[in-house]
Amino acid sequence: MISLLVSFIILLIGYSTYGKLIERIFSPDDRPTPATTLNDGVDYVPLKTGKAFLVQLLNIAGTGPIFGALMGACFGPIVFLWIIFGSILGGAVHDYMVGMISERNEGKSIAELSGIYLGKTAKWGMRVFSVVLLLLTGTVFVTSPAALIARLTPASLNTTFWIVIILCYYILATLLPIDKIIGKLYPIFGIILITMAVCILLGIFIGGYTVPEINFQNMHPTNLPVWPYMFITVACGAISGFHATQSPMISKCITSEKEGRKIFYGAMLAESVIALVWAAGGVAFYGATGALNDAITNMGQSGTVYDISTGMLGTIGGILAIVGVVVCPITSGDTAFRSARLIISEITGLEQKPIKNRLIITLPLLGAGAILTQLDFNVLWRYFSWSNQTLAMISLWVATAYLLKTHKNKFVSLFTALPATFMSAVSMTYILMAQEGFNLGSTIAYPIGVGFAVLCFGFYLFKLK
């Protein structure tokens, strides 16, 4: 239990110290933001800081810091270290830099920022990569809540029925101005997400559950190696490339650059707190990583969340779990499709104020998502996980190129180059080892993964200027 409390304190210190350092490096000023200079009443809409924070938190979180943290907890309390230091040194830096660089470039997407700072080839590669990732994200977060609702409703209202209902909602959330649905509902849903975590934390304390202290032992029941699997499994809560598609959405809505640390860096650390609570709750409730892994295997992530919530908190916990596990993924899915719409609008040049242009992009996107829902959820999740962390790697290299261009200082750019190098090793090693990748052994994958990271860092040292 002490390790959990210390983890919260470290995150708070990280926000107050390292977060301020990153803010100082970026140097926010009083220039007008795109929310005011490009206000179109649809995507560029000023939001108050508190509302922007909650929208950003729900955009980047959903069930990511719940599902991923529970699966990551199967490795044991070593996952706490990844959540803490991954978020302070990597994830929060990633979110802040992408959001603020986008704000400095008229709210452009990560794909367009890649073109500006890494070149035309990177731009087109990221356009395709980010749209595919967003389609996978939106699809993943259609099927999981639809399946849960289907379990709680009459047999005639099956999973397919609820998929159609959720996709209809996505059409509205993707088309309408950001302050009409997202701006009004997301702050409420963000509070629900936080409330769920607070209740689980209270359940751990009041119920007298034991949270194991941090150690470096791999406690995964199937001996799945920590490197690189844990760093892919726990994305939201530590570092997630999906956030690079969401931060530009809010960069169009902030009214002052000086609020950026609260909104971007702060939301990421808040997500990390949620991930820590659920990781601790999973191990504490089931008593061992093996039992937790069995629960996830047999009941799925949604069923495990419901089991933990009702077991710790009774009927109230069950209600919170149902609301959270249904609402949170849906709110990540709709902003995934909205982000995809914005990226495609940049590619096509279709101005997004006319609703006709929004429909031209939105309907085919959601049609593709509907087709993908017919694929196996577990396969989709694995490809989403790798794509997610690969996008984080690329986004950090974009931020590094930005710092080199604006500061002409290699030392300053190390604050993004080092986590970018780390994520380069993670991403390459995983795709070489994973079943959905090349399925190679660690004796081959480890040296190639490290070698790839060294090559990336060498390119940064000698080629990026």
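This is a predicted model: local features need pLDDT of at least 70, side-chain atom pairs count only at pLDDT 80 or more; totals for chains, interfaces and linings use all residues.
Start with the charged pairs: the count comes to eleven salt bridges. In one of them, the side chains of Glu-23 and Arg-261 meet at 3.3 Å, N to O. That pair links distant parts of the chain, with Glu-23 in helix H2 (residues 18-26) and Arg-261 in helix H13 (residues 260-286), 238 residues apart. Both Glu-23 and Arg-261 are buried.

Another salt bridge joins Asp-43 to Arg-341, at 2.9 Å from N to O. Asp-43 sits in the loop between helix H3 (34-37) and helix H4 (49-60), while Arg-341 belongs to helix H14 (residues 289-348), so this contact ties together parts that are 298 residues apart in sequence. Asp-43 has a relative accessible area of 4% and is therefore buried; Arg-341, at 0%, counts as buried too.

Then there is Arg-104, whose side chain meets that of Glu-257 in a salt bridge of 2.6 Å, N to O. Arg-104 lies in helix H6 (residues 78-104) and Glu-257 in the loop between helix H12 (242-251) and H13, so here the parts tied together are 153 residues apart in sequence. Arg-104 is partly exposed at 21% relative accessible area, whereas Glu-257 is buried at 0%. The two also belong to a network of salt bridges that includes Asp-29 and Arg-31.

Turning to the surface, Leu-5, Ile-194, Val-198, Leu-202, Phe-205 and Ile-206 form a nonpolar patch with about 540 Å² of accessible area together. Helix H10 (residues 182-206) gives the most to this patch, with five residues. Ile-206, found in helix H10, has a relative accessible area of 72% and so is exposed.

Definitions and conventions
Residues are numbered from 1 along each chain as its sequence is written. Side-chain values use heavy atoms; hydrogens and water are left out. Patches are made of residues with over 30% relative accessible area and no salt bridge: like charges are joined within 9 Å, nonpolar side chains (Val, Leu, Ile, Met, Phe, Trp, Tyr) within 5 Å. Accessible areas come from the Shrake-Rupley method with a 1.4 Å probe; for residues, only the protein chains shown count as cover. A salt bridge is a side-chain nitrogen of Lys or Arg within 4 Å of a carboxyl oxygen of Asp or Glu. Helices (H or I, at least four residues) and strands (E, at least two) are DSSP runs, numbered from the N terminus. Buried means under 20% relative accessible area, exposed over 50%, partly exposed in between (1.4 Å probe, protein chains only).
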